[in-house]
Each structure stands twice: as structure tokens, then as C-alpha cells.
Amino acid sequence: MKFNFAKKIFCTPNYLSMPAIGISISNHAIRYIDFCNKKDKISLKKYGEVLFPSGIVKDGEILNKEALIKIISELKNELSSNIINVSIPEDKSYIFNIKVPKVSEKEIRQILEFKIEENVPLKVDESIFEYEIVKDFFDEKELLLNVSVIPKSTIIEYTEVFNLAGFYPVSFETESGMVAYSTVPINDKKTFMIINVKD
């Protein structure tokens with residue numbers, strides 16, 4: 001389950017794509033995880049966290065931008081790349097399910113643009129959204145979609161902070177989406193219960 005919000009705005013050609021490090025910011029820590037390829041298999045290369053005091057980030061809201069930039073910039077000595085995937089805290093994102101007719105991807109996005117304001121407290125021009133097909137109802141000619149929405153202002157602010165710290169986000173992911181994507185095997189259709197314990 002991956003929602004590449006940034007890639008919907010800035011599309012990166014396949015030949016320029018690079019492995020990216022996962023970054024997550026909570027109220028008291030920045031956590032990172034890095035993978036590498038070994039014999040055509042993905043292996044864990046490095047992971048860790050950097051703790052910081054209260055008052056810098058609160059429930060996804062950046063309160064002290066300068067302090068956060070300084071903390072993030074210090075990670076450059078720990079990480080092998082400045083290309084990152086960023087997890088957006090759940091407090092700054094919205095998720096809902098909706099049924100739509102089986103139409104083209106362009107038409108699905110047009111339908112969702114009209115449905116955003118009905119399901120989240122944001123105007124469509126204030127948001128960036130992505131969706132995943134949860135179920136294809138063959139007999140009913142419908143699709144069940146899982147839609148994730150992030151405020152455009154949040155994407156812009158996080159991008160600015162990481163850029164000033166010397167990092168380049170290639171995608172933004174809802175926190176729950178990133179946890180699911182990291183733990184559930186690709187194409188596994190079974191039902192999972194995932195418990196995410198954090199500070």
C-alpha cells in the first residue's frame with residue numbers, strides 16, 4: 001500500500017529512480033530505515049532514531065522549523081543517501097473508503113475530486129490524494145477504493161524542511177500506509193491486524 005503523493009506532482013523517469021531511505025517524524029524522535037540489495041533480495045542495511053525535546057514537533061505540526069532542520073541535517077552523516085520516502089503523521093492525513101464505477105484512472109480521479117470535500121475537512125485544491133483499489137466487484141461493475149488525503153500545505157512544509165536540511169523527498173506516505181506497506185507482503189490479500197506502538 002503505497003501512495004506516492006510527490007510523484008503525482010513531479011514524475012521521476014525510471015532511469016533516474018533511486019533507492020530511498022524511509023523517514024518518520026514523531027513528537028520526540030526522527031526514525032529512519034535503510035535497505036540494500038543482496039543477491040537480488042532486499043536486506044536491512046541500517047535503522048535508528050534521533051531523539052529530540054518537546055516543542056519542536058507536535059502531532060505532525062512543525063513548531064520549531066529551524067531546530068528540526070538542524071536535527072535532520074545531522075542525519076546526513078548517518079545515512080548513505082539523501083533520497084528519502086517520508087511518512088506523514090496520522091494527525092495530518094485522512095483516509096476513507098468509497099465505491100466508484102469501473103472507469104478509467106483519469107475518470108476515477110475526477111470522481112474523487114468531487115468526493116474529497118464530502119469525506120474530509122479540506123477543499124480539493126487544498127489537498128493531495130491517492131487511492132488504492134481494495135476490491136473489484138465483478139458483478140456490480142464497481143470498485144472499492146481506499147483513499148488517502150494529505151493537506152497540500154503539509155507536503156509543502158515537509159518538503160521545504162527536508163530540502164533545507166539537504167534531503168530530497170521522492171514520495172510522501174500516510175503513516176498507516178507506510179506501516180502496512182512495510183509489514184504486509186506485496187499482493188498478499190489476507191486480512192491483517194497491525195498494531196503500531198509509538199511515542
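This is a predicted model: local features need pLDDT of at least 70, side-chain atom pairs count only at pLDDT 80 or more; totals for chains, interfaces and linings use all residues.
Residues are numbered from 1 along each chain as its sequence is written, and side-chain values use heavy atoms, with hydrogens and water left out. The side chain of Glu74 meets that of Lys70 in a salt bridge, with an N to O distance of 2.9 Å. A salt bridge is defined here as a side-chain nitrogen of Lys or Arg within 4 Å of a carboxyl oxygen of Asp or Glu. Lys70 is exposed, because its relative accessible area is 53%.

By this rule, the count of salt bridges comes to eight. Among them is the pair formed by the side chains of Glu49 and Arg31, at 3.0 Å from N to O. This pair links distant parts of the chain, with Glu49 in strand β3 and Arg31 in strand β2, 18 residues apart. Helices (H or I, at least four residues) and strands (E, at least two) are DSSP runs, numbered from the N terminus. Glu49 is partly exposed at a relative accessible area of 43%, and Arg31 is likewise partly exposed, at 28% relative accessibility. A further salt bridge joins the side chains of Glu160 and Lys65, at 3.3 Å from N to O. Because Glu160 lies in helix α4 and Lys65 in helix α2, the pair ties together parts that are 95 residues apart in sequence. Glu160 counts as partly exposed at 37% relative accessibility, and Lys65 is partly exposed with a relative accessible area of 24%. Side chains of opposite charge can pair when their charged atoms come close.

The protein contains five helices and 10 strands. Buried residues account for 38% of its 199 residues. Contact denotes heavy atoms within 4.5 Å; among contacts between residues at least 6 apart in sequence, 65% join residues at least 24 apart. The accessible surface of the protein amounts to about 12,300 Å², of which 54% belongs to carbon and sulfur atoms. Accessible areas come from the Shrake-Rupley method with a 1.4 Å probe, and for residues only the protein chains shown count as cover.

A nonpolar core is a set of buried Ala, Val, Leu, Ile, Met, Phe, Trp, Tyr and Cys residues joined through side-chain atoms within 4.5 Å. The largest such core comprises 27 residues, of which Ile23, Ile25, Ile30, Leu68, Ile72 and Phe162 touch the most other members. Two or more residues of this core are given by each of β1 (21-25), β2 (29-38), α2 (65-73), β6 and α4 (152-164). Leaving aside neighbours within four places in sequence, Ile25 is in contact with Ile30, Phe52, Val57, Leu68, Ile72, Ser87, Pro89, Tyr158 and Phe162. A second, separate core of 14 residues includes Leu112, Ile116, Phe129 and Val147. In soluble globular proteins, nonpolar side chains tend to be buried together.

On the surface, Ile33, Phe35, Ile42, Leu44 and Tyr47 form a nonpolar patch with about 550 Å² of accessible area together. Patches are made of residues with over 30% relative accessible area and no salt bridge, like charges being joined within 9 Å and nonpolar side chains (Val, Leu, Ile, Met, Phe, Trp, Tyr) within 5 Å. The elements giving two or more residues to the nonpolar patch are β2 and β3 (41-51), with β3 giving the most, three residues. Tyr47 lies in strand β3 and counts as exposed at 61% relative accessibility.

In helix α5 (residues 175-183), Glu175, Gly177, Met178 and Ala180 are buried. The cover over the buried residues of α5 includes β6 (83-88) and β10 (168-174). Ser81 lies in the loop between α2 and β6 and counts as buried at 18% relative accessibility. A polar atom of the Ser81 side chain lies 3.0 Å from the backbone nitrogen of Ile83.

Glu61 is placed in strand β5 (residues 61-62) and counts as partly exposed at 34% relative accessibility. Not counting residues up to four places away in sequence, Glu61 touches Ile56 and Lys92. The C-alpha atoms of Glu61 and Lys92, which are 31 residues apart along the chain, are separated by 7.9 Å.

Note on methods
Buried means under 20% relative accessible area, exposed over 50%, partly exposed in between (1.4 Å probe, protein chains only). A polar contact is a pair of N or O atoms within 3.5 Å; within protein, one must be able to donate a hydrogen and the other to accept it, and residues adjacent in sequence count only if both atoms are side-chain atoms.
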